[in-house]
Amino acid sequence: MSSEARLYAFSQETKDHLRKFRLGTSRSNDPQAVIYLIDKTTHEIRQDDDKTVYKTLEEIADDLPDHSPRFVLLSYPLTLPSGRLSVPYVLLYYLPITCNNEMRMLYAGAKELMRNTSEVGRVIDVESADDLEEIPSKLGAE
């Protein structure tokens, strides 16, 4: 067991939701995203309390806190230059420059575990909600 797996925890419900979300969005025609956080006391990684599934990058930007990191799982359908439909499944690692060092360390330590548990294709670092505007171009440049 890796040191990250001993420090951080996923409930079975969260693991099931991660899998269901990944499989359910793989053929979607619309963007879908969920926001995950780390409970500071238990170190459990879980979906944000409101359990919202976001449909646009603007909705995600509106709900990201100004001073606290988050993990955002994003399924973003796009048409490649070849005309083929692609649905990349990525982890947005939201780490605002204004968050404190304790929170930075907490999320940095869980980044790889979240990546592996959610089975995303890649991780994109995001420092501000404004950076979300660049996501489509980053995904299309694969």
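Guide: Here is a short tour, from the whole chain down to single residues, and bear in mind that this is a predicted model.

Visitor: Fine. Which elements does the protein chain have, and in what pattern?

Guide: There are five helices and seven strands. Going along the sequence, the pattern reads α-α-β-β-α-β-β-β-β-α-β-α.

Visitor: What makes the protein chain as compact as a globular protein of that length?

Guide: Set the value against the rule. The globule rule gives 14 Å for 142 residues, and the radius of gyration here is 15 Å, which is close to that, so the chain counts as compact as a globular protein of its length. As for its outline, the C-alpha atoms fill a box of roughly 45 × 30 × 25 Å along the principal axes.

Visitor: What about contacts between residues at least 6 apart in sequence?

Guide: Of those, 61% join residues at least 24 apart.

Visitor: And how many charged side chains are there?

Guide: The count is 17 positive and 24 negative, and the centres of the two sets lie 8 Å apart.

Visitor: On to the strands. Why is S1 called largely enclosed?

Guide: S1 covers residues 32-38, and seven of the seven are buried, so the rest of the structure largely encloses this strand. Both faces are involved: Gln32, Val34, Tyr36 and Ile38 point one way, Ala33, Ile35 and Leu37 point the other way, and all are buried.

Visitor: How do you know that S1 pairs with S3?

Guide: Pairing takes at least two bridges. S1 and S3 (residues 70-75) have five, in the antiparallel sense, so they pass. Within that pairing, Ala33 stands opposite Leu74 of S3.

Visitor: And what joins S1 to S2?

Guide: Three bridges do, with the two strands running antiparallel; S2 spans residues 45-47. Ile38 has Ile45 as its bridge partner in S2. The hairpin of S1 and S2 has six residues between the strands.

Visitor: Which other residue has a positive phi, near 60°?

Guide: Glu119 does, and it too is a residue other than glycine. Look for Glu119 in the loop between H4 and S7 (122-126).

Visitor: Why is Glu119 called partly exposed?

Guide: Its relative accessibility is 47%. Buried would need under 20% and exposed over 50%, so a value in between is partly exposed.

Visitor: Then why is Ile97 called exposed?

Guide: Ile97 comes in at 60% relative accessibility, and the cut-off is over 50%, so it counts as exposed. Ile97 lies in the loop between S6 (89-94) and H4 (101-118).

Visitor: What is Ile97 in contact with, leaving aside its neighbours within four places in sequence?

Guide: Arg104 and Glu127. If you want a distance to check on screen, the C-alpha atoms of Ile97 and Asp66 are separated by 9.1 Å, with the two residues 31 apart along the chain.

How values were computed: Residues are numbered from 1 along each chain as its sequence is written. This is a predicted model: local features need pLDDT of at least 70, side-chain atom pairs count only at pLDDT 80 or more; totals for chains, interfaces and linings use all residues. Side-chain values use heavy atoms; hydrogens and water are left out. Buried means under 20% relative accessible area, exposed over 50%, partly exposed in between (1.4 Å probe, protein chains only). Helices (H or I, at least four residues) and strands (E, at least two) are DSSP runs, numbered from the N terminus. The radius of gyration is taken over C-alpha atoms; the globule rule is 2.2 Å times the number of residues to the power 0.38. Contact means heavy atoms within 4.5 Å. Lys and Arg count as positive and Asp and Glu as negative; His and the chain ends are not counted. The place of a charge is taken as NZ of Lys, CZ of Arg, CG of Asp or CD of Glu.
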